[in-house]
Amino acid sequence: MFKGKSQRELLQVAKTLIQPLKPSYHKGQAGKIAVFGGCEDYTGAPFFSAHSAALVGADLSHVVCEKQAAPVIKGYSPDLMIHPYLYDLENADLRQWASPEELAKLKKVPLDEILIQKDDLDKIIENHVLPKISGLMERVDMFVVGPGFGRDALMLKTLVRVIEEIKVVNKPVILDADSLYLVSVRPELIKGYPKAVLTPNVVEFGRICSALAIDNTDDVECAMRVSKALGNVTIIKKGAHEVIVRKGSHVINELPGSLRRVGGQGDTLTGALATLLTWAEHYNSGFWEGSGKIDEDEALLLACFAACSVVRVASGKAFGKYKRAMQTSNVHEFLGEAFEELFG
């Protein structure tokens, strides 16, 4: 379907995935997104992801974050729903469930070991974290995991369980940032899960290649090999162009973007992806009249292409206005305009 098509032609086809706005739709039917991320040190990343999803068109955007990060993220915007359900090892609340001596001992265990061993952290996660997020798992359409998660042992062990629970409810998940570190440590966590979308940058992609014993070459074939080794998950390899691969098919986004590279642009992409992929899921289910005619895998690739396009065009507009002073918050100023320009 994609062979020989220009970027403009691909965008024209991608328009068919855009969920229409109808008076009969109720709140939530255009997408319910949950971003799992955010700790004391990194509060911007989950905000940018959830905020981007909302600006591109999702009805409801949730952030599930470390308890200490919640007031900060909530202060960025009243439009997002913030859930302070996660804990890191520095959180004083843990002393209710584990002694200071036990926690101090756990802090000394190497991260790769603590991710595979059973200890008191597992009890905390099972008894005090998972019960809070179980209801959200059922309500949400699409998950983004990893933005601003950090490398705290308890946070990452929680992330492992979150991904496992997402697989149980059988819903799509976008993995970025620190969740990609988990994939490089434990590839089996996501291997063979067809609803997973990985968004590695150059460094993250190289780390995953090493874990899978794949030579890291800068070409489509390498991304194909990584996707196949992980059981045909979708890969969006970020760089000068986005290389998007799934089940032996691929598309490359070559639209111009911004010459400026600032922290947070990747998080903006995950939010746009969450919304467009939700609409692709709705399209595949025949949610509106005329939908469901494009092959499911092709619709997924097109949704990824469309999301990358929106962020690239918005970044280009932000750079055009702010030049070297451009920040990710400036990109968000132009997401709506970019979407309208591309898809009407």
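1. Arg246 is buried (under 20% relative accessible area, with exposed meaning over 50% and partly exposed in between, for a 1.4 Å probe and protein chains only), its relative accessible area being 6%. Its side chain forms a salt bridge (a side-chain nitrogen of Lys or Arg within 4 Å of a carboxyl oxygen of Asp or Glu) with Asp297, the closest N and O atoms lying 2.8 Å apart. Because Arg246 belongs to strand S8 and Asp297 to helix H12, the pair ties together parts that are 51 residues apart in sequence; Asp297 is partly exposed, at 22%.

2. This is a predicted model, in which local features need pLDDT of at least 70 and side-chain atom pairs count only at pLDDT 80 or more, whereas totals for chains, interfaces and linings use all residues. Residues are numbered from 1 along each chain as its sequence is written, and side-chain values use heavy atoms, leaving out hydrogens and water.

3. Helix H12 (residues 296–322) lies across S7, S8 and S9 and runs at about 165 degrees to S8, where helices (H or I, at least four residues) and strands (E, at least two) are DSSP runs numbered from the N terminus, and angles, from 0 to 180 degrees, are taken between N-to-C directions of lines fitted to C-alpha atoms, for helices over the stretch in contact (heavy atoms within 4.5 Å).

4. Among the 18 salt bridges is that of Lys157 with Asp119, at 3.4 Å between the closest N and O atoms. Lys157 lies in helix H7 and Asp119 in the loop between helices H5 and H6, so the pair ties together parts 38 residues apart in sequence. Lys157 is buried at 5% relative accessibility, and Asp119 is buried at 13%.
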